[in-house]
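Subject: Structure for your study

Dear colleague,

Please find below the structure that I am handing over to you.

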Amino acid sequence: MTVITKLTDRFTEADIDQEIVIMRLDNGEFFSLSGTATKLWRLIDGTRDEEAIVVAAASEYSADESEIAADVHEFVGCLRAMGLLAVR
Amino acid sequence: MERETRVSFGRVPHSLFSGDLREGSWQLHGDQFLLRGEGHHYFHYRQGRGVTVERGSDADLSEESLWLNGSVYAAIASLNGLLPVHASAVAHNGQVFAFTGPAGSGKSTLIAGLGNRGLAMFCDDTLILNLADDRPIVCLPGHKRLKLTPEGIEVTGTAREERVSRSLDKFYARPPAGEVGAVLPLARLIFLEDGGDLQISPISGAERFVMVRDEHYTAHLFAAARNFDRASQFAHLSCLARQIEMARFVRPRDTARFDEGVATVADYIKAVA
């Protein structure tokens, strides 16, 4: 299994109300996550691969896994491109 | 703060580093702060020793109290772990309602207008927050007199006192409902914005972080005094965003609707407090 992990030395984060603000430590840029993205971020806990995240998210939202898989893939890909996640 | 802000006069260093300090700029090093006003007018603060002012022959003394109550006071607060925020505030039922916005956004005029509706002034222009305890954040009573533009005096009907300085077209004014001099918790930080329709709405989530991050007035002073790196600055702002309840007050900048706006804010405060 290829587990997705957060590269925690590259960012810092904060919960504010129901949202998460993340700042990249290399350039100070920050962005926020809300709604489903917050849930997906929390599911990336270093024990799951992309498929396991899809299963957990689909269960959480009572959704079909095939409906949610593309969103998870895009989310993980975006954060990997930003250098905040690694697949090991 | 009273002990730290005591003022004496005499010679001070003209730089805390190598090289001269330009007019209107400041330096912060360790427990010291040095500001140069116009000409040879220096303000030096050192923790535990108060402020020393050096007046050169070309110093503009009409500006002295503005420097002391503005940047010098903010630096002293920052060096002593207090956060200065660019805001004016009223107090109601033992809580502080603060209004922030850029210079000229009408903070002081709103405070005078709320005074006409019985809400006492807590501070004008600078709100000092004590972040020492996790919750609630408490506010130190204001140290500045209310200053209004001629337009602010006219629209609020406040009695005008002396002119603030030669260079500033503002006048001191007595707050219509008096002042509160107690340490009180902060109930709301309300951002003043221009818009078409009168509205007060809450600010939540990540937007709170954005709002406190954009409050630039003395943020750089506080960051310098606390030796913040990028991560600790983020942690500081996040902490503020979590702890401070925020709202935005959108109103048209139309003097004909000023009273209506003041009434809206007064009703809001009385409903919250």
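In chain A, strand β3 (residues 19-24) and strand β4 (residues 30-33) run antiparallel and are joined by four bridges. Helices (H or I, at least four residues) and strands (E, at least two) are DSSP runs, numbered from the N terminus. Two strands are said to pair if DSSP finds at least two bridges between them. A:Ile22 has A:Phe31 in β4(A) as its bridge partner. The hairpin of β3(A) and β4(A) has five residues between the strands, and A:Gly28 takes a positive phi near 80° there.

Before going further, please note that this is a predicted model, in which local features need pLDDT of at least 70, side-chain atom pairs count only at pLDDT 80 or more, and totals for chains, interfaces and linings use all residues. Residues are numbered from 1 along each chain as its sequence is written, while chains are lettered from A and ligands numbered from 1 in the order in which they are written.

The sheet of chain B

Chain B contains an open sheet of five strands in the order β1-β5-β4-β3-β2, with mixed pairing. In general, strands of a sheet pair through backbone hydrogen bonds, either parallel or antiparallel. The edge strands, β1 (7-9) and β2 (26-29) of chain B, each pair on one side only. From one strand to the next, the twist averages 15°.

Both senses of pairing can be followed in this sheet. β1(B) pairs with strand β5 (residues 50-55) of chain B in the parallel sense, over three bridges; here B:Val7 stands opposite B:Val51, and B:Phe9 stands opposite B:Val53. β4(B) and β5(B), by contrast, run antiparallel and are joined by six bridges, with B:Tyr42 opposite B:Glu54. These two strands form a hairpin with three residues between them, and B:Gly48 in the turn has a positive phi of about 85°.

Domains and cores

The domain assignment of chain B gives domain 1 (7-79) and domain 2 (82-272); such bounds come from an automatic or database domain assignment. The C-alpha centres of the two domains lie 26 Å apart. Where they meet, 11 residues of domain 1 of chain B are in contact with 14 residues of domain 2 of chain B, contact meaning that the C-beta atoms of two residues, placed from the backbone, lie within 7 Å. On the side of domain 1 that touches domain 2, α1(B) supplies the largest share, eight residues.

The largest nonpolar core has 79 residues, and those with the most contacts inside it are B:Val72, B:Ala89, B:Val96, B:Ala98 and B:Cys139. Helix α1 (residues 64-79) of chain B gives this core its largest share, nine residues. Domain 1 and domain 2 of chain B each contribute at least three residues to this core. A nonpolar core is a set of buried Ala, Val, Leu, Ile, Met, Phe, Trp, Tyr and Cys residues joined through C-beta atoms within 7 Å. A residue is buried if 20 or more other C-beta atoms lie within 10 Å of its own, exposed if 12 or fewer, and partly exposed in between, with C-beta atoms placed from the backbone.

Leaving aside neighbours within four places in sequence, B:Cys139 is in contact with several residues, including B:Ala89, B:Val96, B:Phe122 and B:Leu186. Another core, of 11 residues, lies apart from the largest one, and A:Ile53, A:Val54, A:Leu79 and A:Leu85 are among its members.

Helix α2 (residues 107-115) of chain B is mostly covered, with nine of its nine residues buried; among them are B:Lys107, B:Thr109 and B:Leu114.

Two residues with positive phi

B:Asp125 has a positive phi of about 80° although it is not a glycine, and B:Asp125 lies in the loop between β8 (120-123) and β9 (126-130) of chain B. B:Asn227 has a positive phi of about 60°, again without being a glycine, and lies in the loop between α5 (219-226) and α6 of chain B. Which of the two is buried, and which is exposed? B:Asp125 is buried, with 22 other C-beta atoms within 10 Å, whereas B:Asn227 is exposed, with 9.

Where the chains meet

Between the chains, 11 residues of chain B are in contact with 12 residues of chain A. On chain B, α6(B) supplies the largest share of this side, six residues.

Yours sincerely,
A colleague

Notes:
Axes fitted to C-alpha atoms, helices over the stretch in contact; angles between N-to-C directions.
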